[in-house]
Amino acid sequence: MDLNTIFYLLIPSSLIFLPIIALFRGKTSNYIVHGVSITVSIIIIILSLYVLASGSTLDFTYKICLDYSYPILSFKVIHFRLDSLSAFFTLVLGIVSLASSIYGIGYIGRFYGREHIGWYGVNYLLFIISMYGVLTTYNLFIFIIFWELMTLSSQFLVSYEKNKKQALWAGYKYFCVSKLGAEMIIIAGLVLMIIYSGYNVDYEVVASRFRELFLRTPVIANAVLMLLFMGLGIKAALVPFHNWLPDAHPEAPSNVSALLSGVMIKMPIYMMYRLFYQFSQPTIYWGVIISSFGVVTLFTGTLYALVQIDSKRLLAYHSIGQIGYVVLGLGASGTLYAMGNYPLAFIALLGSMYHLINHALFKSLLFLTAGSVVYRTGLRDLNKLSGLAKYMPLTALTALIASLSIAGIPPFNGFVSKWIIYISTFCAGGYLAFYGLFALFISSVTAASFVKYFTTIFTRSPFEPGSYKKLEEVPFPMSLAQVMLAALCILFGIVVVIPLKLITSAISLLGLNIIQYQYISFGIGFIEVNNIGVNSPLFIGFILAIILPILYILIARPRYTSYGIWSCGTLVKEGLLHYPGRSYFRGFKEVFSEAYTVGKAVHEVLGVTSINYSLKFFKKLQRIIEDPVAMIVLTLVVVLLIIWAVGW
Amino acid sequence: MQSSATKLVEELGRFGIVEWIDSHTLIVHVDRSKLRDIAKYLHWGIGGYFSVSIGSDERPLDNSFHVYHVFSLDHLGVYVVVDIRVSPGYLHVPSITPIIPGANWHEREVMDYFGIMFDDHPEPKRLILPYNWPKGVYPLRKDYPYNKKVYIEEASDEPEHDSRFAGKYTIIPIGPYHPALHEPEYFELYVDGERIVGARYKGFMVHRGMEKIAESRMTINQIPFLAERICGICGYTHNVAYCQAVENVAGIDVPERAHYIRSIMLEIERIHSHMLWLGIAFHFLGFDTGFMITWRLREKVMDLAEMLTGNRKTYGLNLIGGVRRDIDLSKALKVKKVLRDLRKDYVDYMEKILGLKEIIYRTRGVGVLDYGEARKYSVLGPTARASGIDTDVRKYHPYAAYRHVDFKIPVYKDGDVLSRILVRHEEIIESINIIEQLLDNLPRTPIMAEEIHVPEHRIGVGVTEAPRGEDIHFVITSRDNKIYRWRPRAPSYNNIPALLVMLKDQHLADAPIIIASIDPCFSCTDHVLIIDVRTGSRKQVGLRELSRRGLG
Amino acid sequence: MIWVFIGALANIGFILLAAPLLDGLERKIKAWLQNRRGPPIPQTLYDIVKLLRKPGGLTGNPGLLYRIAPYMFFTNMVIAFLFIPTLLDYSLSFIGDIIVVYYLITASSIILAMGSISTGNPFAITGSTREISLSMAGKLLTGITLAIFVAVNKSFLITSLFPIIPPYRLSSILGLIVFAILVYIEGFRLPFDIPEAEPEIAGGVIIEYTGRDLGFAIYSLLLKRLLYTSILLNLVIPRYTVFSPIYYIVGVIVFSILFSTIECFSGRHRIEYALSFMKKLSLATGVVLVLAVLGY
């Protein structure tokens with residue numbers, strides 16, 4: 001069986017498992033679903049690594065269409081292709097879903113007897129498969145189908161805990177925004193695209209036709225792009241379309257949160273890459289628009305994250321912030337590409353994609369650690385959690401690694417990708433340099449926020465020492481998943497060559513190839529000619545800075561004297577020396593309240609009204625569906641449309 | 001003046017039997033049912049203020065306990081002592097704390113020491129005695145020998161922490177060993193981020209047992225030296241207050257020159273105390289240069305004290321009836337020269353320091369105690385004057401030589417820390433003026449009264465204006481050249497409870513300067529404890545606790 | 001290349017000695033201004049040497065983070081000096097070294113704060129949150145100031161920190177002044193030594209550190225001060241001349257005198273005041289940025 005066959009069979013064969021999973025409940029279902037999803041993930045990883053390493057593509061077309069005289073029927077050409085860009089994203093998906101599936105074996109045990117595990121299993125597997133489908137399809141029509149499936153299954157996962165009102169509300173909100181807001185716009189855009197590409201839905205054909213359209217009538221093409229960018233932006237939670245995300249992501253089971261934040265919000269980014277680099281050429285104004293969105297997003301998301309006191313909500317806000325970095329990189333590369341500065345455009349895109357995979361790694365790891373805390377304590381409140389490091393050392397260590405990674409502390413992976421983004425913007429000069437400096441400032445806010453996240457949950461002594469007596473490290477599968485991701489965080493930070501190679505291979509598909517531009521990348525530490533980032537003296541320095549102190553403590557074992565906490569000589573009960581999460585950075589929040597007022601205004605005006613609007617729309621739609629006359633009219637219209645289309 | 005005083009006597013006659021103790025002190029014997037009315041009348045009705053409560057075990061004399069509440073009527077220059085007789089069979093007195101919140105500590109102290117219960121007291125907890133002190137042992141009663149040892153079990157549970165805040169907010173302990181406090185006291189601040197949402201105070205950690213020692217072991221003329229050791233900063237004012245109390249009882253005609261010398265030394269003490277305080281205040285504001293400057297200037301004042309009395313501190317100058325050392329002409333000239341230079345330097349520096357933006361910014365509007373709250377807690381001295389209360393014992397109850405000098409009383413209305421700084425700043429200059437006036441007019445009389453005869457079982461009240469406010473000593477004389485009851489009350493005793501009001505909703509960064517702004521003299525406040533006899537046992541407990549917490 | 005490396009190492013050797021001595025000098029200047037005699041100039045060096053010879057302290061069981069924090073702070077600072085020419089003109093400069101220095105500084109304060117918070121002492125936590133708040137506001141100011149330099153010289157890219165020779169115009173000089181203020185603030189000098197404010201939080205960030213750990217923490221703080229001063233100096237003094245060591249030493253001493261004099265005549269800010277001061281300064285710097293963009 002060659003890899004092409006596996007690629008060919010992966011989706012249908014895993015879909016077979018869905019009814020089987022649905023049949024079972026409890027433990028059996030848990031093992032089956034995670035067994036299947038682990039297998040699927042491993043296969044995905046192997047496939048994408050193969051594609052990225054060899055530079056080839058996996059491809060299959062399945063034609064059921066007999067008659068080409070009706071253009072609409074050409075939809076039935078099912079074309080799947082795993083090219084290097086897709087492979088890069090499927091690699092991300094594979095890694096995160098592998099970790100979260102392993103993690104799920106332990107974590108889903110929480111819901112035994114409370115919830116229907118089979119229901120979770122069906123949706124979980126469907127979710128992974130549909131994301132895989134979104135990434136591998138080479139056909140806009142199929143893309144829409146899988147996109148819909150992805151949203152649907154993830155929505156059920158968000159509101160999985162049926163008895164939690166909050167979860168139901170979050171799921172409902174998510175559904176309203178993404179279904180009625182984002183998806184309608186995306187579908188509208190794609191349909192327009194299909195129409196303008198002459199009813200051919202194959203990516204290659206669409207791309208060439210759309211590029212032509214761009215030259216012929218740029219207004220229409222830009223309108224379509226605008227529509228698609230809006231829709232994808234809502235799905236990617238760009239500010240000001242972000243406010244569904246912090247409600248939706250935390251409510252799902254933690255391993256699903258990891259998938260949602262780690263992978264799902266990358267799906268629209270994937271489409272953006274294709275949109276701006278394959279279906280059209282980047283232009284300066286699009287570059288400006290995208291990078292401006294990126295900066296606003298990273299600013300608002302991170303500043304809001306700073307004041308959160310719910311662990312998973314904090315992480316969700318950071319997802320918004322970090323997506324901002326990714327989008328900033330994309331926008332910067334667009335501008336630079338349009339200006340003809342291909343080397344820097346390459347580097348910006350490199351930073352964007354590097355940060356994307358890094359974010360997938362550390363954010364899903366953070367969600368997993370937050371999940372471990374929930375698993376053991378049932379708490380997400382940073383005001384109440386404290387002192388878990390003593391009881392859950394491995395979780396604490398992995399959370400520390402993830403926190404330092406997202407904070408961009410060298411030598412973890414977040415540093416490298418942020419560094420590349422800064423370099424590209426600084427070297428570009430102009431407005432991009434301002435954006436880069438802004439991002440630089442925000443990275444220190446990110447760091448501050450993760451000081452809060454890590455120290456409140458894991459360090460210090462427990463708030464109520466008695467209640468933590470039974471606390472212990474999470475079960476093996478969960479810690480295995482965490483360790484796996486943490487190891488990758490370190491690996492991607494130190495051995496920079498591996499991800500750089502993978503990304504270079506992915507980018508080469510978009511028409512930017514590093515091979516031509518070796519001369520410019522000479523001076524930039526990591527991206528030297530031979531891709532020897534590890535050898536650079538800078539890096540040795542970093543590693544010394546981190547390693548030497550640790551070695552000193554571990555090997556030299558310096559002498560210490562033990563003391564109690566100095567509390568001015570008074571007897572204060574241990575638990576009462578407690579610093580709740582909400583007290584952190586109070587002064588900063590008060591002084592920089594303007595930032596929050598502005599952010600709040602954006603939040604209220606754009607976010608809340610858009611949601612209210614979608615809710616109203618949804619209610620109206622419901623009324624139409626309940627009204628038989630309207631329904632009949634609607635059906636007639638649809639039928640007529642189809643007839644019209646077929647009879648073209 | 002005379003007519004209004006007689007009117008007062010008439011008015012007070014409604015509540016009980018009124019007598020004059022001496023020329024400016026009235027005693028009213030009231031029934032328990034009239035107590036609250038008279039307290040309300042004196043504190044809120046005619047503009048006096050509550051000064052101190054004294055418990056007294058007078059069973060050997062008239063087979064009863066007594067509680068004395070002392071009120072000061074500044075506008076009449078009269079002190080009114082309200083006397084309530086409590087029979088040993090029914091040890092209950094109506095509490096006046098619901099009317100005058102400032103009486104809270106005073107009444108709890110009487111509860112601790114004498115076992116007299118105050119009905120309707122809002123907070124009938126122990127104040128001074130430790131929580132593990134055995135029940136039913138009242139150390140200031142006469143049937144409790146001063147050298148009796150009490151064995152105390154180790155702490156079982158300490159009823160600590162304010163339950164409204166503990167657990168919800170961060171506890172920032174300030175004290176007993178904290179760089180912002182130079183004496184062992186404990187403030188527990190409940191902090192949300194940087195803002196103080198609540199505070200709790202625990203004091204009375206210094207145990208010296210002075211009252212019991214004075215009442216049981218010492219003679220009348222030894223006590224001045226003990227009184228001076230109440231405080232390391234303003235000791236002399238206690239000394240003078242005590243001497244005046246006894247002199248008032250005995251009707252001793254103290255020679256004028258002695259009065260003048262006492263006043264001079266009191267003012268020197270005030271200058272050095274205020275300068276010390278200013279230095280510390282600047283240090284708490286992070287302005288160490290100001291600290292260095294004020295302390296360097298203060299050294300000159302200390303040298304003056306040493307020249308005049310032989311000691312930098314704890315002058316040991318007073319006896320009942322006069323002073324022990326004279327000031328000769330050459331010394332007087334030297335003092336004047338030093339003061340002239342000092343004034344110039346001081347005014348010069350302070351103008352510059354008070355022009356610094358940070359100092360003003362850090363103190364204006366910080367730790368506000370408005371007029372109403374200040375009256376409620378009957379705060380004293382510069383704290384009261386900064387809150388718009390025009391009170392000064394030197395002016396309204398003139399003692400020593402203050403009736404012969406001309407000086408003004410700085411009063412500010414804002415009630416914030418800046419006002420307290422400015423009040424003290426101006427007082428330093430006024431004090432220099434006063435000393436110069438006194439030195440110019442030093443009368444040529446002896447410095448010691450010849451004939452001293454102290455009558456038995458009479459009440460005497462001696463009051464001085466300490467640097468921190470009104471310092472009152474209440475004395476009941478006894479035979480054999482002894483004192484039956486001695487209750488010194490330092491001004492900080494009234495000022496500290498107001499701190500909790502000032503601290504509320506302030507920034508954590510301002511807590512030290514707010515606490516310091518009343519110039520709290522904790523050892524003055526705590527001196528009254530009786531517990532020296534059991535320090536051994538207490539010490540063991542302390543050490544064990546400390547070492548358990550790794551502090552030993 | 002090897003000479004560059006040796007030169008950078010020589011720089012570090014110089015810095016390690018100079019940082020405590022400069023602090024001693026500042027103490028002496030402050031003492032003079034306060035009419036005191038003051039400690040001898042090597043006193044800070046003696047203090048640190050003495051501290052380094054004493055064992056560290058553990059409060060409760062604070063974990064690895066607490067133990068390594070002072071050392072990490074120290075190594076980060078030393079490595080940051082590799083990229084900045086100090087006494088000699090040699091440094092390992094390359095495109096993007098500014099980001100490296102930036103992150104080394106951020107990382108050190110983050111790790112120190114984390115280690116300090118992990119003791120659980122409320123004083124330490126208060127101090128740490130103050131330190132991080134200040135550093136966030138400082139980073140905003142840094143960003144805007146650098147943006148001015150970008151705007152002043154359109155062809156000037158912030159790729160490499162040195163040599164930066166911006167054309168001297170109104171906005172670039174104002175930018176330099178703002179940067180000097182920033183250097184003052186980031187050194188935790190007196191109005192801004194809020195994270196360690198002794199009267200209320202009794203040492204704050206470093207309250208639980210003793211002995212060797214405290215020695216390293218203090219040493220690193222002094223190195224951080226010198227690091228900022230060196231960055232500032234590199235923006236003003238001419239480099240690559242025979243006299244550059246002399247320029248450097250004179251510059252450092254001048255700034256020490258200037259800063260310690262300012263420190264002597266100021267009280268401590270409240271954290272809110274310090275932050276709002278920095279916010280206002282950021283806004284003002286934003287105006288300067290507009291000026292720079294307009295070409296003044």
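The contact takes 60 residues from chain A and 60 residues from chain C, where two residues are in contact if their C-beta atoms, placed from the backbone, lie within 7 Å. This is a predicted model: local features need pLDDT of at least 70, side-chain atom pairs count only at pLDDT 80 or more, and totals for chains, interfaces and linings use all residues. Residues are numbered from 1 along each chain as its sequence is written, while chains are lettered from A and ligands numbered from 1 in the order in which they are written.

On the side of chain A that touches chain C, H17(A) gives the most, with 13 residues. Helices (H or I, at least four residues) and strands (E, at least two) are DSSP runs, numbered from the N terminus. Here is that side by class:

| Class | Residues of chain A |
|---|---|
| Nonpolar (Ala, Val, Leu, Ile, Met, Phe, Trp, Tyr, Cys, Pro) | 43 residues |
| Polar (the others, Gly among them) | 13 residues |

S3(A) and strand S1 (residues 56–59) of chain C pair in the parallel sense over 4 bridges; pairing asks for at least two bridges found by DSSP. Thr561(A) stands opposite Gly57(C) in S1(C).

Now for chain B. Its secondary structure comes to 19 helices and 15 strands, and its C-alpha atoms fill a box of roughly 60 × 60 × 45 Å along the principal axes. Leaving aside neighbours within four places in sequence, Leu189(B) has contacts that include Ile172(B), Ile196(B) and Leu503(B).
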